[in-house]
Amino acid sequence: MAWTIIILAAGSMLLLAVLMACVLGWANKTFCVEVDPRIERVNEALPGANCGGCGYIGCNEYAEAVVAGNAPADLCTVGGTSCAAALAEILGLEMEESWPRRPVVHCGARTADRLQRNEYRGEPTCAAANIISGVQGCVYGCLGLGDCRQACDFDAIHIIDGLAVVDYEKCVGCGACARVCPRNIISMVPFKAEQMLAVICSNKDFAKDVKAVCRVGCTGCGLCAKMSELFTVSDNLPAIDYDRYDAAAFVQDIAKAVEKCPMKRLFYVGKPTDKDLAATADEELPDAIQADFRTTVDKTEWHG
Amino acid sequence: MELIGQLILIAVGAAMINNFVLHYFVGICPFIGVSRRVDMAFGMGCAVTFVVTVAAFLSWIFTFFLLQPGAPLAQWVVGLFLPAETAAKVDLSVLSYIVYIFVIASSVQFVEMYVRKFFPVLYKSFGVYLPLITTNCAILFACLYIMKNVVGVGPAEQWDLARSLVLAIFAGVGFTIAILIMAGIREELDACDVPEPLRGAGITLIVAGILALAFLGFTGMDRGLAGLFN
C-alpha cells in the first residue's frame with residue numbers, strides 16, 4: 001500500500017507539473033510583452049547602485065531613457081568611462097570623450113581659520129545652520145556640520161577639522177554631496193587628470209571683508225588671471241575654465257599662478273600620487289582611532 | 001435558505017469578523033509593504049482577491065478529487081491498476097502543502113503575465129510585491145482553511161465548491177478593506193508629526209495593532225447573524 005501511495009503521489013505531482021507548465025507556457029506566449037532587449041543589456045552593463053547621479057530615479061529608469069534616446073550614454077558617474085563605452089557599444093553610438101566628474105569643496109578653512117564664529121546649539125545640520133546668520137563670519141564657506149557626509153552613500157566625504165574633505169579613492173562622483181550642500185560650495189569638476197587644479201574658496205566679498213572673516217580666504221586680487229588665461233575673475237573670485245584645462249599645456253602658467261597666489265588658494269585635488277604616498281609612508285598611524293567625544297557645552301569654541 | 005445563510009456567515013466571517021490580516025495576522029508583508037498609497041493598495045487588494053479566488057478554486061478541486069482520503073480520482077486510479085486494494089481508502093493528503101504552493105505559484109505567475117500585458121502602470125507600481133503574492137501567507141492560509149473543512153469532516157459538513165469560493169472571495173475583500181483603511185491612515189500619517197523613533201515601520205505596526213483591536217469589535221456578530229438565519 002505504501003508503494004501505491006508513493007507512486008500515486010509522484011504521478012499526480014508529475015501530471016500537475018505538466019499541466020501547469022502547459023498553461024503557463026500558453027499564457028507566456030499569449031500575454032507576451034515586447035520589451036526592447038537592449039534595455040536588459042543596458043541594465044546589466046550599469047552598476048546597479050541606484051544612486052540617482054544620472055538624474056533618473058534608478059538604473060532601470062536610466063536604461064529605458066538611454067534606449068529610448070532621451071539620455072546620453074555617459075551619464076553614469078559610478079560606472080565611469082568603461083560603463084559609458086559598454087552602453088555606447090550596445091546602442092551602437094559613437095563614444096565621445098568624457099571625463100569622470102568628481103566633487104570639489106570650494107572652501108579651505110579649517111575651524112581655526114574661520115573668524116567671528118559663535119556657538120551654535122541648533123539642529124546639527126548645515127541646512128538648519130545656514131538659515132541662521134552669525135554661526136560663522138563667512139557666509140560662503142563650509143559650515144562643517146556634515147550634510148554632505150550624510151548624503152554620501154559611499155563613505156567618500158568626511159568632516160575633518162570642521163571642513164568637508166572628499167576621499168577621492170572612494171568617491172564615484174554621484175554628486176549627492178553637491179546637491180545637498182546648502183551653500184553650494186561643492187561643484188562637480190571634470191577630472192581630466194588624477195589631480196585637478198581648483199580654486200579652494202567661495203567668498204565673493206572684497207578683500208577687506210574676506211580678511212575679517214577668514215584667515216585663508218581668497219581676496220580676489222586677480223594675480224592668477226594675470227598669470228594665465230585659464231583663470232577669469234568675476235565677483236572677486238577666480239574661476240578655472242575646465243573646458244580648456246590641460247595640465248600639460250598650461251604647466252608653466254599654472255605653476256606661476258600657484259606660486260604667486262598670495263593666499264595660496266590654488267590647490268591640486270584628487271587621488272594622492274605615488275609621491276604623496278611615499279612622503280607619508282613612514283608616518284606611523286595609530287592602530288585604533290580613539291573616539292573623540294565633543295559636547296555642545298564647551299567653554300572653548302564650538303567645533304561642530 | 002440554510003445554504004444562503006451559511007454562505008453569508010462564511011462571507012461576513014472571512015471579510016470582517018475573522019479578517020485574515022487583522023484577526024489571523026496572515027498576509028502582513030503586502031499589508032505593510034504596499035499600503036503607502038490608496039490607489040496602489042486597492043490594486044494590491046484586487047490582485048490578492050483574484051489570486052486567492054483562483055488558488056481556492058484549484059485547491060478545492062485538487063483536495064476534493066485527489067488529496068482527501070478516498071478521493072474519487074485517486075481511488076479510480078488505484079482501482080484501475082490494483083483492483084485488490086480498493087478496499088482501503090487512498091490518502092494523499094500528505095501532498096496538500098506542496099500542491100497548494102504549486103497552485104499558488106502558478107496562478108501568481110499567470111496573474112503577473114496578465115497584469116503586465118494589460119495593466120502596465122499597475123505592474124510598475126507593484127514592483128517586487130506582485131511576485132511576493134506567491135509567498136503571501138493569506139493565500140496559503142485560505143487553501144489550508146478550505147482543506148480543514150474538506151478533509152477529515154463528515155460528508156454533511158464537508159464544504160462544497162461554492163462555500164470555498166465564497167470564503168476565498170470574501171477573504172480577498174477583507175484583505176482589500178484592511179489594506180485600504182491602512183493606506184488611508186498612512187496617507188494622513190505623512191502629514192503628521194510622528195515622534196522620530198516611531199517613524200516608518202514603528203508607527204505602521206502600532207496603527208496595524210490598533211486597527212486589529214478595532215476589528216475585534218466585530219466578534220460575536222456571527223452568533224447574531226446565525227440566529228437571524230436559523
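**Figure 1. Chain A, burial and fold.** Of the 304 residues in chain A, 40% are buried (buried is under 20% relative accessible area, exposed over 50% and partly exposed in between, with a 1.4 Å probe and protein chains only). The model is predicted: local features need pLDDT of at least 70, side-chain atom pairs count only at pLDDT 80 or more, and totals for chains, interfaces and linings use all residues. Residues are numbered from 1 along each chain as its sequence is written, chains are lettered from A and ligands numbered from 1 in the order in which they are written, and side-chain values use heavy atoms, without hydrogens and water. Chain A contains eleven helices and eight strands (DSSP runs numbered from the N terminus; helices are H or I with at least four residues, strands E with at least two). Its accessible surface is about 17,600 Å², with 55% belonging to carbon and sulfur atoms (Shrake-Rupley method with a 1.4 Å probe; for residues, only the protein chains shown count as cover). Among chain A contacts between residues at least 6 apart in sequence, 62% join residues at least 24 apart (a contact is heavy atoms within 4.5 Å).

**Figure 2. The largest nonpolar core.** This core has 69 residues, and those with the most contacts inside it are B:Leu22, B:Phe31, B:Leu92, B:Val99 and B:Ile133 (a nonpolar core is a set of buried Ala, Val, Leu, Ile, Met, Phe, Trp, Tyr and Cys residues joined through side-chain atoms within 4.5 Å). Elements giving two or more residues to this core include α1 (2-30) of chain A and, from chain B, α3 (38-67), α5 (96-118) and α9 (161-189). The most, twelve residues, comes from α3(B).

Figure 3. Leaving aside residues up to four places away in sequence, B:Phe31 touches B:Val21, B:Leu22, B:Phe175, B:Ala178, B:Ile179, B:Met182, B:Ala208 and B:Leu211. A second, separate core of 43 residues includes A:Cys107, A:Ile185, A:Met196 and A:Leu266.

**Figure 4. Packing of helix α1 of chain B.** The buried residues of α1(B) are B:Gly5, B:Leu7, B:Ile10, B:Ala11, B:Val12, B:Gly13, B:Ala14, B:Ala15 and B:Ile17. They pack against α9, α10 and α11 (221-229) of chain B.

**Figure 5. Nonpolar surface patch on chain B.** B:Phe65, B:Leu73, B:Trp76, B:Leu80, B:Phe81 and B:Leu82 make a nonpolar surface patch of about 640 Å². Patches are made of residues with over 30% relative accessible area and no salt bridge, with like charges joined within 9 Å and nonpolar side chains (Val, Leu, Ile, Met, Phe, Trp, Tyr) within 5 Å; a salt bridge is a side-chain nitrogen of Lys or Arg within 4 Å of a carboxyl oxygen of Asp or Glu. Helix α4(B) gives the largest share, four residues. B:Phe65 lies in helix α3 of chain B and is partly exposed, at 35% relative accessible area.

**Figure 6. Cysteines.** Zero disulfides are found over all chains (a disulfide is a pair of cysteine sulfur atoms within 2.5 Å). For A:Cys126, the nearest cysteine sulfur is that of A:Cys148, 6.1 Å away. A:Cys126 is buried, at 8% relative accessibility, whereas B:Cys192 is partly exposed, at 43%.

**Figure 7. Two loop residues with positive phi.** A:Asn236, with phi near 60 degrees, is in the loop between β6 (231-234) and β7 (237-240) of chain A. B:Phe25, with phi near 55 degrees, is in the loop between α1 and α2 (28-33) of chain B. B:Phe25 is partly exposed, at 48% relative accessibility.
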